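The sequence and the structure are shown first, and a description follows.

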Amino acid sequence: MAKIEAAIKDAILRGARRQVREAATPLRRDLRRLRRALVGLRADLAGLREVAAHWQRMARSSPWRPEVSDIELRAARLSPRLIAKLRARLRMTQTELARLVGVSTAAVTQWERGRASPSGQNRRGLVALRKLGRRDVRRLLAGMKKASPPGKRRPPARRRGKRRARRR
């Protein structure tokens, strides 16, 4: 009887192994296929991250370009009071406004006093600023590099010779 029991036990084990193998083989194939797909997706993601980083660098390096249609530009009124109100609404200093538009602080002062008026690209920049909010302006200013304009830098003072002690 022991032989019959062992034979039955063997037959049951073989049958169970075959059923497990039949169920597991397609799952293994699917797992291999999914792993290959995952490797491909990771490679694609790495490539997309590089492209995104490149675009972010490009966006940071390029200055702000106002987007205003010619119709809006012609229809816009820019009086000295309106320029000052725009600056106050956006909570900007004259220097910050000058940096965004691409002019000197003195030019903004002249515009606000009515001694000069913006024209060309400067006018386009002011009209475009009307569409922006405070957060947008802050982001633009934060993105711009704080470089001092040419001509504002002072060379370091040089000393000639040693200081002589004063005699009394």
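## Overall architecture

The chain has an accessible surface of about 14700 Å², and 54% of this surface belongs to carbon and sulfur atoms. Accessible areas come from the Shrake-Rupley method with a 1.4 Å probe, and for residues only the protein chains shown count as cover. The structure is a predicted model, in which local features need pLDDT of at least 70 and side-chain atom pairs count only at pLDDT 80 or more, while totals for chains, interfaces and linings use all residues. Residues are numbered from 1 along each chain as its sequence is written, and side-chain values use heavy atoms, with hydrogens and water left out.

The chain holds 7 helices and 0 strands, and from the N terminus on its elements run α-α-α-α-α-α-α. Helices (H or I, at least four residues) and strands (E, at least two) are DSSP runs, numbered from the N terminus. Of the 168 residues, 19% count as buried; buried means under 20% relative accessible area, exposed means over 50%, and partly exposed lies in between (1.4 Å probe, protein chains only). Among the contacts with a separation of 6 or more, 74% come from residues 24 or more positions apart, a contact being heavy atoms within 4.5 Å.

Helix α1 spans residues 2-61 and includes arginine 17. A positive surface patch is formed by Arg14, Arg17, Arg18 and Arg21. Arginine 17 counts as exposed because its relative accessible area is 51%. A nonpolar surface patch consists of Met1, Ile4, Ile8 and Ile12, which together have about 480 Å² of accessible area. Isoleucine 8, one of these residues, lies in helix α1 and is partly exposed at 48% relative accessibility.

Patches are made of residues with over 30% relative accessible area and no salt bridge; like charges are joined within 9 Å, and nonpolar side chains (Val, Leu, Ile, Met, Phe, Trp, Tyr) within 5 Å. Lys and Arg count as positive and Asp and Glu as negative, whereas His and the chain ends are not counted. The place of a charge is taken as NZ of Lys, CZ of Arg, CG of Asp or CD of Glu.

## Salt bridges

Side chains of opposite charge can pair when their charged atoms come close. The structure holds 6 salt bridges, each defined as a side-chain nitrogen of Lys or Arg within 4 Å of a carboxyl oxygen of Asp or Glu. The table includes some of them.

| Arginine 33 | Aspartate 30 | 3.6 Å |

Arginine 33 and aspartate 30 both belong to helix α1, where they are 3 residues apart, about one turn of the helix. Arginine 33 is partly exposed at 47% relative accessible area, and aspartate 30 is partly exposed at 35%.

Aspartate 136 and arginine 139 are separated by about one helical turn because they are 3 residues apart in helix α7. Aspartate 136 is partly exposed, with 31% relative accessibility, whereas arginine 139 is exposed at 55%.

## Helix α6 and its cover

Helix α6 (residues 121-129) contains the buried residues Arg124, Gly125, Leu126, Val127, Ala128 and Leu129. The cover over the buried residues of α6 includes α2 (70-75), α3 (80-89), α4, α5 (105-113) and α7 (134-143).

Helix α4 (residues 94-101) includes threonine 95, which is partly exposed at 41% relative accessibility. The C-alpha atoms of threonine 95 and alanine 107 are separated by 9.9 Å, the two residues being 12 residues apart along the chain.

Glutamate 96 also lies in helix α4. Glutamate 96 counts as buried because its relative accessible area is 19%. Leaving aside neighbours within four places in sequence, glutamate 96 is in contact with Arg91, Arg138 and Leu141.

Arginine 91 is found in the loop between α3 and α4 and is exposed at 55% relative accessibility. Most residues other than glycine have a negative phi. Phi of arginine 91, however, is near 55 degrees, a positive value in a residue other than glycine.
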